[in-house]
Amino acid sequence: MAGHDISFDKRRIRNLLNVLAKTMDTQEALKNVNMKPVLFGLSPDDLPLVGALKHYPNVYLNVGHGTRASTLSFACSEILSKQVNSGEACQ
C-alpha cells in the first residue's frame with residue numbers, strides 16, 4: 001500500500017461542499033458534513049487481482065477493484081467461480 005493517511009484536505013472538502021450547494025439545496029448540502037474517509041484497495045496497474053495464489057493454490061483472491069468495485073466485482077466473481085470449480089491455479 002502507498003499509505004494509510006486518512007486525513008482530509010480542507011480545500012477539497014470546501015470544493016465538494018460548494019458543488020453540493022450548487023447541485024442541491026444549500027441548507028441541505030451544509031447539513032451533510034459528517035464525512036468519513038475511505039481507502040480503496042488498488043493494484044499498481046489499476047487492474048483487479050483475481051485468481052488463486054501461486055504458492056497457496058487453495059487461496060483465491062478477488063481484490064483491488066478500487067472505485068470500480070460495483071461494476072468489476074460481479075464479472076470477476078464469475079471468472080473466479082469457474083476457476084474454483086475447475087480447480088485451476090494461477091500460473
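Colleague: Which residues are buried in α3?

Modeller: Keep in mind that this is a predicted model. In α3, the buried residues are Cys76, Leu80 and Gln83. Buried here requires under 20% relative accessible area.

Colleague: What makes the buried residues of α3 line one face of the helix?

Modeller: Look down the axis of α3: its buried residues fall within an arc of 50°, so they line one face. Ser70, Thr71, Phe74, Lys82 and Asn85 are exposed on the other side of α3. What covers the buried residues includes β1 and β2 (60-63).

Colleague: How do you know that the span of α3 is close to the expected one?

Modeller: Helix α3 covers residues 69-86, which is 18 residues. From first C-alpha to last, α3 reaches 25 Å.

Colleague: Why is His4 called exposed?

Modeller: The cut-off for exposed is over 50%. His4 has 56% relative accessibility, so His4 counts as exposed. His4 lies in the segment before α1 (10-23). Its C-alpha is separated by 7.7 Å from that of Leu39, 35 residues apart along the chain.

Colleague: What is the phi of Asp46?

Modeller: Phi of Asp46 is near 65°, a positive value in a residue other than glycine. Most residues other than glycine have a negative phi.

Technical notes:
Residues are numbered from 1 along each chain as its sequence is written. This is a predicted model: local features need pLDDT of at least 70, side-chain atom pairs count only at pLDDT 80 or more; totals for chains, interfaces and linings use all residues. Side-chain values use heavy atoms; hydrogens and water are left out. Helices (H or I, at least four residues) and strands (E, at least two) are DSSP runs, numbered from the N terminus. Buried means under 20% relative accessible area, exposed over 50%, partly exposed in between (1.4 Å probe, protein chains only). The expected span of a helix is 1.5 Å times one less than its number of residues. The arc is that of the directions from the helix axis to the C-beta atoms. Contact means heavy atoms within 4.5 Å.
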